[in-house]
Amino acid sequence: MDYALGDFLMFTPEVYLRLFERTNEALGVGLWGVVAVLVTIPVLLCRAPTLVRRLVAVAMAAGWGLTAALFMMRFYAPINWPVGPFAWVFALEAGLLMVVAARVPPARVRLVALAGGSALLLALSWVTVRETDTWQAIALPGVTPDMTAATTAVLLMAWPRRARWGLLVIPLLWCAFSALGHWAMGLWWPMAVPVTGLVFILMAALWPPPRSPSVE
Amino acid sequence: MRLLMPRRRFLIGMASTGLAARWPGVLADSEPAPITRTIPSTGEPLPVIGMGTWRTFNVGTDPVLLDQREQILDLFFQRGGRVVDASPMYGSAEAVVGELVKRLGRREALFAATKVWTRDESDTREAVARSEALWGVARFDLMQVHNLLGWEGHLATLQEMKAEGRLRYIGVTTSHGRRHDDLERIMRREPLDFVQLTYNMADREAERRLLPLARERGIAVIANRPFQGGRLFERVGSRPLPALAGALEIDSWAEFFLKFVVSHPAMTCAIPATTQVAHMRENMGALYGRLPDEMQRRRMIDIVREL
């Protein structure tokens, strides 16, 4: 007799997937506010002047904070105790992003890159819908932890490397933890989100710096 | 695919329901008695099928899943179950059980068993108090040291608490066949009411030393992972039940596996866990009818080995 990875898991996939529905239910009409912010971010990155582009980091910070407070602390931590401390780490990432917002603006991003990144992230958001057969389980960046971490890694490619690396540590830790959890649950499709997040984090760590933080 | 309810039991149930509706009281005396085993230290009888909560009752505050687990627990009590086992390690399981027992008004039927799970050996009383608050009980029927974690300090305090009347029974647990040597030493040395260990048709190491020792020392035994974490079902797949099942009034593979476990003479209770009402119905089937004798147990082992 020996332990399997699944033996360390204290909840069932059913309970885990319900977290997505419950979080979206709890947000109510606020969910549309999140969608509005998510639609605005590419517009800011594509067209806005330097000062306004800083708001992207503010939005990311808000997303990390919302994810920590709602999905993680309110719903996930009661069934999975390591998530409680992780929620505080998410709050730390939100704080770090606010520091970055104040000090380093992101570079402008080309439309084609934004379209590609958005399409990929949208597909990832839909994985939990596919798994549960209800759109109410959609996993939005800024609301659910895997999508928040993966999206952050993508967006950080618009920042200079020195600002980027420190912000990749927490997404890396979370995506590794989450991928193991999905593996233990046997949730192969939803596992694509943290695994893709890990790929994005690796890309963001190696991605060449933008030519200028403020000029396309 | 496992049937939700065997046809024979369904027809009997339908007929019984009709009779009971027409002539209440006709069937009152015909309900078969559940199989029980006595706790050696007191002689108190316990139904041989209890309920585990690892994973299955850790549903947090989800109202949909709370309602669904309430149905499972309700059926468990209706079918004569009493022993519910949890642990602080199982996330929200203790709070969920406490909430649902309160909803169902079944506190009197419940044999509440949980565990102390902390490395801090001076935290025993506080840990018990936290669990009492979550379960909504004034006194636990059974308090166990989880996976022998900090067992020396915890067990000493639990013995004091039992002497004070704050606990009815005390014990220690292991799982996955881990630390059997340590468990054997503790069983020889300490005055335990219960031990909990892994025992099922595929994991039978406990038969060699621990189960005979439990009989010798008068210690009740709870079997966890009676389905080997579900792997036994994967092993049988969609195979039909063997002919032996008919002789033992066994209607499902769940009943087959459970009757094997609880028919060991040292065994007091098995604690299968489930998230499905239909599976709870199958599990509770093992609480009734006949248990296999030694020869039939050997045949059961051969059947599973040949799969």
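# A guided tour of chains A and B

Begin by selecting Lys259(B) and Glu255(B), which form a salt bridge whose closest N and O atoms are 3.7 Å apart; the term denotes a side-chain nitrogen of Lys or Arg within 4 Å of a carboxyl oxygen of Asp or Glu. The model is predicted: local features need pLDDT of at least 70, side-chain atom pairs count only at pLDDT 80 or more, and totals for chains, interfaces and linings use all residues. Residues are numbered from 1 along each chain as its sequence is written, chains are lettered from A and ligands numbered from 1 in the order in which they are written, and side-chain values use heavy atoms, with hydrogens and water left out.

Because Lys259(B) and Glu255(B) lie four residues apart in helix H10 (residues 253-262) of chain B, about one helical turn separates them. Helices (H or I, at least four residues) and strands (E, at least two) are DSSP runs, numbered from the N terminus. Both Lys259(B) and Glu255(B) are buried; buried means under 20% relative accessible area, exposed over 50%, and partly exposed in between (1.4 Å probe, protein chains only).

Next, select Arg204(B), Glu207(B), Glu294(B), Arg297(B) and Arg298(B), which salt bridges with shared partners join into one network. Over all chains, the whole structure contains 30 salt bridges.

Move to Glu44(B) and Arg168(B), a salt bridge with its closest N and O atoms 2.4 Å apart. Glu44(B) sits in the loop between strand E1 (36-38) and strand E2 (45-47) of chain B, whereas Arg168(B) belongs to strand E7 (residues 167-173) of chain B, so that the pair links distant parts of the chain, 124 residues apart. Glu44(B) is buried at a relative accessible area of 16%, while Arg168(B) is partly exposed at 25%.

Then select Arg209(B) and Glu184(B), whose side chains meet in a salt bridge (2.2 Å, N to O). Arg209(B) is in the loop between strand E8 (194-198) and helix H7 (210-217) of chain B and Glu184(B) is in helix H6 (residues 180-189) of chain B, so this pair ties together parts 25 residues apart in sequence. Arg209(B) is partly exposed, with 32% relative accessibility; Glu184(B) is buried, with a relative accessible area of 12%.

**The nonpolar cores**

Now colour the largest nonpolar core, which has 157 residues; Trp159(A), Leu73(B) and Phe257(B) have the most contacts inside it. Helix H4 (residues 55-76) of chain A supplies the largest share of this core, 11 residues. Such a core is a set of buried Ala, Val, Leu, Ile, Met, Phe, Trp, Tyr and Cys residues joined through side-chain atoms within 4.5 Å.

Centre the view on Phe257(B). Residues up to four places away in sequence aside, Phe257(B) touches Met201(B), Pro226(B), Phe227(B), Leu232(B), Phe233(B), Val236(B) and Val304(B), contact meaning heavy atoms within 4.5 Å.

**The interface between the chains**

Display both chains together: 26 residues of chain B are in contact with 17 residues of chain A. The two chains bury about 1,900 Å² between them, 52% of it on carbon and sulfur atoms; buried area is the accessible area (1.4 Å probe) that two parts lose on being put together, summed over both.

Three salt bridges are counted between chain B and chain A. Select Arg22(A) and Asp62(B), which form a salt bridge with the closest N and O atoms 4.0 Å apart. Helix H2 (residues 63-78) of chain B gives the most to the side of chain B that touches chain A, with four residues.

Thr12(A) is the next selection, in the segment before helix H1 (13-27) of chain A. Thr12(A) is buried, with a relative accessible area of 11%, and touches Arg55(B), Arg69(B) and Thr275(B), not counting residues up to four places away in sequence.

**Two stops in chain A**

Select His182(A) in helix H9 (residues 161-185) of chain A. At 2% relative accessibility, His182(A) is buried. Its side chain joins that of Tyr16(A) in a polar contact of 3.1 Å; a polar contact is a pair of N or O atoms within 3.5 Å, where within protein one must be able to donate a hydrogen and the other to accept it, and residues adjacent in sequence count only if both atoms are side-chain atoms.

Finish at Ala113(A), in helix H6 (residues 111-125) of chain A. Ala113(A) is partly exposed, with a relative accessible area of 45%. From Ala113(A) to Val199(A), the separation is 86 residues in sequence and 17 Å in space, C-alpha to C-alpha.
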